[in-house]
Amino acid sequence: MTTRHILRRRQGATFIEAVIAAGILILVLCSVLAIVSQSFRYIANIRLTARSSQILQQKMEDIRLYTWTQMQNMPSTFTDPADTNGTYSGSINVTDAYIYNSTATVKKVTLTVTWLNRNSKVATNRLSTLEIGRAH
């Protein structure tokens, strides 16, 4: 009888061992899924930030093509024509800039783009440049 009892114990896992193993497996799988989900959200936020940089760069290039008078009369907001979902909203801020020992008229142009990221938080990206007035 002792031999049969020993053989039965070695034949398989008990119910409690199987439940513990299943619990550990479920815990590991849930952790992996959470990490994958967070990774996808992180990548989506990186894409949104990269797109905001492209929008800022394009608008800044447009502004650099303006004449001095056009730059003085720019609207204070802008949108990206390719942004059909209305994800990004932009603003333009033009202020006087002072350069030491210079008589040139200089303006500081700051572009700001805001959007709602995948974590439902408002994100912002900025780009600034100096524009020198041309003598007429």
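This is a predicted model: local features need pLDDT of at least 70, side-chain atom pairs count only at pLDDT 80 or more; totals for chains, interfaces and linings use all residues.
Residues are numbered from 1 along each chain as its sequence is written, and side-chain values use heavy atoms, with hydrogens and water left out.

## Overall build

The protein chain holds three helices and four strands. Both kinds of element are DSSP runs numbered from the N terminus: helices are H or I with at least four residues, strands are E with at least two. Along the sequence the pattern reads α-α-α-β-β-β-β. The accessible surface comes to about 10500 Å², by the Shrake-Rupley method with a 1.4 Å probe. Carbon and sulfur atoms hold 58% of that surface. A contact means heavy atoms within 4.5 Å. Among contacts with a separation of 6 or more, 50% link residues 24 or more positions apart.

## The sheet

Strands of a sheet pair through backbone hydrogen bonds, either parallel or antiparallel. Here four strands form an open sheet in the order 1-2-3-4, with antiparallel pairing. Strand 1 (77-78) and strand 4 (122-132) stand at the edges; each has a single partner strand, so one side of each is left without a neighbour in the sheet. Two strands count as paired if DSSP finds at least two bridges between them. The table gives the bridges, with one residue pair for each pair of strands.

| Strands | Bridges | A facing pair |
|---|---|---|
| Strand 1 and strand 2 | two bridges | threonine 77 and serine 91 |
| Strand 2 and strand 3 | nine bridges | threonine 95 and lysine 108 |
| Strand 3 and strand 4 | 11 bridges | threonine 110 and serine 128 |

Strand 3 covers residues 106-116. Valine 113 also stands opposite a residue of strand 4, asparagine 125.

Helix 2 (residues 15-64) lies across strand 1, strand 2 (89-97), strand 3 and strand 4. Helix 2 runs at about 150 degrees to strand 3. For such angles, axes are lines fitted to C-alpha atoms, for helices over the stretch in contact, and values run from 0 to 180 degrees between N-to-C directions.

## The core

A nonpolar core is a set of buried Ala, Val, Leu, Ile, Met, Phe, Trp, Tyr and Cys residues joined through side-chain atoms within 4.5 Å. The largest one has 16 residues. Those with the most contacts inside it are Ile63, Phe78, Ile92, Leu111 and Val113. Helix 2, helix 3 (68-72) and strand 3 each give two or more residues to this core. The largest share, five residues, comes from helix 2.

What does leucine 111 touch? Residues up to four places away in sequence aside, its contacts include Leu56, Lys59, Met60 and Ile63. Leucine 111 also touches Phe78, Ser91, Ile92, Asn125, Arg126 and Leu127.

## Asparagine 125

Asparagine 125 sits in strand 4. This residue is buried, with a relative accessible area of 16%. Its side chain makes a polar contact of 2.9 Å with the side chain of serine 52. A polar contact is a pair of N or O atoms within 3.5 Å; within protein, one must be able to donate a hydrogen and the other to accept it, and residues adjacent in sequence count only if both atoms are side-chain atoms. Beyond four places in sequence, asparagine 125 touches Thr49, Ser52, Ser53, Leu56, Leu111, Thr112, Val113 and Trp115.

## The hairpin loop

Strand 3 and strand 4 form a hairpin with five residues between them. Asparagine 117 lies in this loop. Is asparagine 117 buried or exposed? Asparagine 117 is buried, with a relative accessible area of 16%. Its side chain reaches the backbone nitrogen of asparagine 119 at 2.9 Å. Asparagine 117 touches Asn45 and Leu48, not counting residues up to four places away in sequence.

Serine 120 is in the loop too. This serine is exposed, with a relative accessible area of 59%. Serine 120 has a positive phi of about 60 degrees, although it is not a glycine.

Technical notes: Buried means under 20% relative accessible area, exposed over 50%, partly exposed in between (1.4 Å probe, protein chains only).
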